[in-house]
Amino acid sequence: MKVEIYTDGSATTNNLPGGYAFVVLVDGVIVAEVSGHLNKATNNVAEITAAISGLEYVLNDPGLSVCSDITLVSDSQLVLRYSTGEYKCRKYHLVPLYCKLRQLHDKLKIKTRW
């Protein structure tokens, strides 16, 4: 079984709303489409939140979380490199999100794709 999690987030500045979404495919078939609203977010917060939300969805599904072929797909190099640990977090406000993303990456043993 192959699981792919496509994520995206968008925002302008920390003082304005943002949004995020993810789509989960299993063997090429959509099994979930989820979106959410953030009252205040930067673009990086929205992008990371999308990835975390998608990974949590997979983790909380007993049939998906045991899969050994899980790929996180994002247009954000920051998200992908935070996920793998290639980039270290230097932005104080992103540290909790960074830690959660790294934890999910390691727990699910995911691959990443840009």
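Helices here are DSSP runs of H or I with at least four residues, numbered from the N terminus. Keep that in mind as you look through these views of a predicted model.

**View 1. The whole chain, from one end to the other.** Let's start with the big picture. Taken along the principal axes, the C-alpha atoms fill a box of roughly 40 × 25 × 25 Å. For 114 residues, a compact globule would have a radius of gyration near 13 Å, and the chain agrees because its own value is 13 Å.

View 2. Of the chain's 114 residues, 45% count as buried. The chain exposes about 6,200 Å², and carbon and sulfur atoms supply 53% of that area.

**View 3. A hairpin made by strands 2 and 3.** Here strand 2 (residues 18-26) pairs with strand 3 (residues 29-38) in the antiparallel sense, over nine bridges. To get your bearings, find Val24, which stands opposite Ala32 in strand 3. The two strands form a hairpin with two residues between them. In the turn, look for Asp27, which has a positive phi of about 50°.

**View 4. Helix 3 and its cover.** Which residues of helix 3 (residues 77-84) are buried? They are Leu78, Val79, Leu80, Tyr82 and Ser83. An α-helix has 3.6 residues a turn, so residues three or four places apart point the same way. The cover over the buried residues of helix 3 includes helix 1 (43-59), strand 4 (70-74), helix 4 (95-108) and strand 5 (111-113). Just after helix 3 comes Gly85, with a positive phi of about 90°.

**View 5. Cysteines without a bond between them.** How many disulfides turn up in a search of the whole structure? The search finds zero. Cys89 is in no disulfide, and its nearest cysteine sulfur, that of Cys99, is 7.5 Å away. A disulfide needs a pair of cysteine sulfur atoms within 2.5 Å. Is Cys89 buried or exposed? Cys89 counts as buried because its relative accessibility is 17%, and the cut-off for buried is under 20%. Cys67 also counts as buried, at 8% relative accessibility.

Terms used. Residues are numbered from 1 along each chain as its sequence is written. This is a predicted model: local features need pLDDT of at least 70, side-chain atom pairs count only at pLDDT 80 or more; totals for chains, interfaces and linings use all residues. Side-chain values use heavy atoms; hydrogens and water are left out. Buried means under 20% relative accessible area, exposed over 50%, partly exposed in between (1.4 Å probe, protein chains only). Contact means heavy atoms within 4.5 Å. Two strands pair if DSSP finds at least two bridges between them. The radius of gyration is taken over C-alpha atoms; the globule rule is 2.2 Å times the number of residues to the power 0.38. Accessible areas come from the Shrake-Rupley method with a 1.4 Å probe; for residues, only the protein chains shown count as cover.
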